[in-house]
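Me: Please take a close look at a single part of this structure and describe its surroundings with care. From there, kindly continue to the other parts that can be described in detail.

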Amino acid sequence: MVVPVGGLGRIGMNWTLYGHGGRWILVDAGIAFPEDRSGKVDALLPDPEALRRAVGRIDALVVTHAHEDHIGAIQYVFPRVLSCPIWATPFAGAAISRRLEEAGTLGEADLRTFPVGGAFRIGPFAIRSIRLTHSVPEAVALAIGTPAGTVLHTGDFKLDPTPLIGEPTDLKTIHALGNAGLLAMVCDSTNAERDLPVTSEAEVRDSLRRIFQSRAGIVVVCCFGTNVVRAMSAADAALRSGRQIAFAGRSLRAHADAADRLGLVDTQDILAEPSHLRGLDRRETALVCTGTQGEENAVLARLAGGTDWRLPQLGLGDTLVMSSSVIPGKAGEIARVLEPLRARGVEILTQDNTPEGLTIHVSGHAGRAELATMHRHARPRFVIPVHGTEAHLQAHAALARDCGAEEALVGTGGEAMAVSASGIKRLGRIEVPVLGVRRDEGVLIARASTPPHTGLVERDQHRPLA
Ligand SMILES: [Zn+2]
Ligand SMILES: [Zn+2]
C-alpha cells in the first residue's frame with residue numbers, strides 16, 4: 001500500500017507512507033512554504049497525529065536527501081510526536097542531527113545512517129538505496145521490496161552525466177530492478193512538462209570559470225545553502241582566477257563543513273570568515289552566499305543593504321551571479337532585494353540574463369527526456385507520479401503510459417493506493433490536516449489558518465485504514 005501524504009498538487013511537504021501486512025514506514029518528512037505569509041506561518045507540514053491515528057505505529061522514517069521539502073519537518077515531529085528510528089545517508093544524517101540538536105532532542109532521537117547504495121531491512125520491508133544525481137550530495141532512490149513486490153521510490157533526481165560530487169545516477173541497478181520485474185514506481189514529476197536538454201553541473205562550473213576570469217571586480221555567487229557542489233564550483237573558479245573566496249550563510253557553511261568531514265569535498269582553501277576578505281583587491285575577492293529567494297535576513301539581503309561590516313561592499317564593476325531557480329511567488333521579493341545593488345551599478349546575472357550565453361544554473365530535476373530514460377530502465381507496471389502540481393502529475397502520468405506503464409494513477413494528498421500483482425486501485429483518503437509552524441516559537445505547532453488550507457477536518461473524522 002502506498003499513501004502519498006503530501007507532495008501532490010503542490011510543491012513541497014513530501015511525506016509518503018508505505019504499508020504491508022499492517023506495518024508502515026514513512027519516506028521523507030518535509031515542509032512546504034506557505035504562499036501567504038499573513039498568518040506569520042514559516043512552514044507547513046501534515047498533522048503527524050492524524051497519520052498515527054490512520055495507520056497506527058510507524059516503524060521507521062527513511063530519508064532520500066537533505067532538502068527542506070524532504071527533511072524540513074523532522075525537528076518539529078521527531079522524536080517526540082512520532083518516535084521511530086530515522087534512516088538517512090551520512091550527509092542527510094548530518095543535516096538532520098544539526099536540526100535535532102537545535103531543537104534539543106538529538107539525545108532522544110534514534111538516527112541511523114546507511115551508505116549510498118546500501119541495503120537494510122525494516123520489518124517486512126527490504127530497502128536498497130540507489131545512487132542518484134540531484135542538487136544536493138548523497139541523494140538516493142529507494143527500492144522498497146515486500147512479498148507483494150518491489151516499488152521504486154525515486155526521490156528527486158536528474159541524470160547528470162558529470163555531477164562533480166559523486167558518480168552519475170546508477171541506471172545499471174535500476175535496469176536490473178526492471179529486469180527482475182518492478183511492480184511500481186513513485187516518481188519525481190517536477191519538470192514533467194518541460195522538454196529540457198540533459199544538463200550538468202560541469203556546464204555551470206565552466207561558465208563560472210569564464211565569469212570569474214573575465215570580471216575585474218568582486219564576484220559573488222548566490223546559491224541554495226544545500227547546493228554544496230555549486231558553492232565548490234564557485235570556489236574552484238575563484239581560486240583559478242587568482243581570487244580568495246569565503247562562504248557566507250549559516251546553512252551553506254554547515255552543509256559544506258559536513259561534506260568536507262565526509263570526504264565529499266575539500267574546503268581547506270576557502271577562507272574561514274567573509275571578514276577575512278577585507279583589505280583584498282577587488283580583483284582578488286570572491287564570495288558565495290545564500291538568500292537566493294530574497295529572504296529578509298539572509299546574506300544577500302545584508303549585502304544589498306551594505307551595512308554588514310563583515311561583508312564586502314559591492315558597487316560599480318562588481319558582479320553578482322544568481323545561481324538558482326526562482327521559487328514560484330518569490331520573484332517580487334528577489335527583485336526588491338536586488339534593487340539597491342542594481343542602483344549601485346552591480347552587474348547582476350540571472351538565469352534569464354546571461355549576456356554571454358553562459359549556464360549559471362541548471363535544474364536538479366529530470367526533464368521529460370530524462371524521465372523517459374528512467375521509465376525505460378525501470379519498466380514499472382504501475383506509476384504514481386509525485387512531487388508536482390496537478391499539471392506536472394498529469395503530464396508525468398501521460399509520459400509514463402507512453403513509456404509502457406500499464407497504469408499511471410494521479411492521486412490527491414492522503415489518498416491510499418493498493419498496489420499488488422493483481423493491479424493498482426484507490427482505497428480512499430485519510431484526511432490529514434495541514435499544520436503551520438512559526439520558527440521563532442521553536443517546535444510549537446499551531447493550526448495553519450492560511451489559505452488554501454482552511455476548512456480543516458476535525459480529528460475525530462479521520463478514517464482509519466483497514
Ligand atoms: Zn524535493
Ligand atoms: Zn530535492
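Reply: The model is a predicted one. The residues of H12 that are buried are His-392, Leu-393, Ala-395, His-396, Ala-397, Leu-399 and Ala-400. An α-helix has 3.6 residues a turn, so residues three or four places apart point the same way. Helix H12 itself runs over residues 390-402, 13 residues in number. From its first C-alpha to its last, H12 reaches 19 Å, close to the 18 Å expected at 1.5 Å a residue. Just after the helix, Gly-404 adopts a positive phi of about 110°.

The zinc ion (ligand 2) is held by His-65 through NE2, His-67 through ND1, His-134 through NE2 and Asp-156 through OD, at 2.1 to 2.3 Å. Along the chain, these donors have the spacing H-x1-H-x66-H-x21-D. The site links distant parts of the chain: His-67 belongs to the loop between strand E6 (60-62) and helix H2 (68-71), and His-134 to the loop between strand E10 (125-131) and strand E11 (140-146), the two being 67 residues apart. Both His-67 and His-134 are buried.

The zinc ion (ligand 1) lies 3.4 Å from the zinc ion (ligand 2), and Asp-156 coordinates both.

A further part concerns aromatic side chains, of which the structure holds two pairs. In one of them, the ring centres of Trp-87 and Phe-120 are 4.3 Å apart and the planes are at 5°, so this pair is stacked. Trp-87 is in strand E7 (residues 86-88) and Phe-120 in strand E9 (residues 119-122); the pair therefore ties together parts that are 33 residues apart in sequence. Trp-87 is buried, at a relative accessible area of 13%, and Phe-120 likewise counts as buried, at 11% relative accessibility. Together with Phe-114, Trp-87 and Phe-120 form one aromatic cluster.

Key:
Residues are numbered from 1 along each chain as its sequence is written. Chains are lettered from A and ligands numbered from 1 in the order in which they are written. This is a predicted model: local features need pLDDT of at least 70, side-chain atom pairs count only at pLDDT 80 or more; totals for chains, interfaces and linings use all residues. Side-chain values use heavy atoms; hydrogens and water are left out. Donors are N, O and S atoms within 2.8 Å of the metal (3.2 Å for Na, K and Ca); water is not among the atoms, so sites may look incomplete. Helices (H or I, at least four residues) and strands (E, at least two) are DSSP runs, numbered from the N terminus. Buried means under 20% relative accessible area, exposed over 50%, partly exposed in between (1.4 Å probe, protein chains only). The expected span of a helix is 1.5 Å times one less than its number of residues. Rings of Phe, Tyr and Trp (its six-membered ring) pair if their centres lie within 6.5 Å; planes under 30 degrees apart count as stacked, over 60 as edge-to-face and the rest as tilted.
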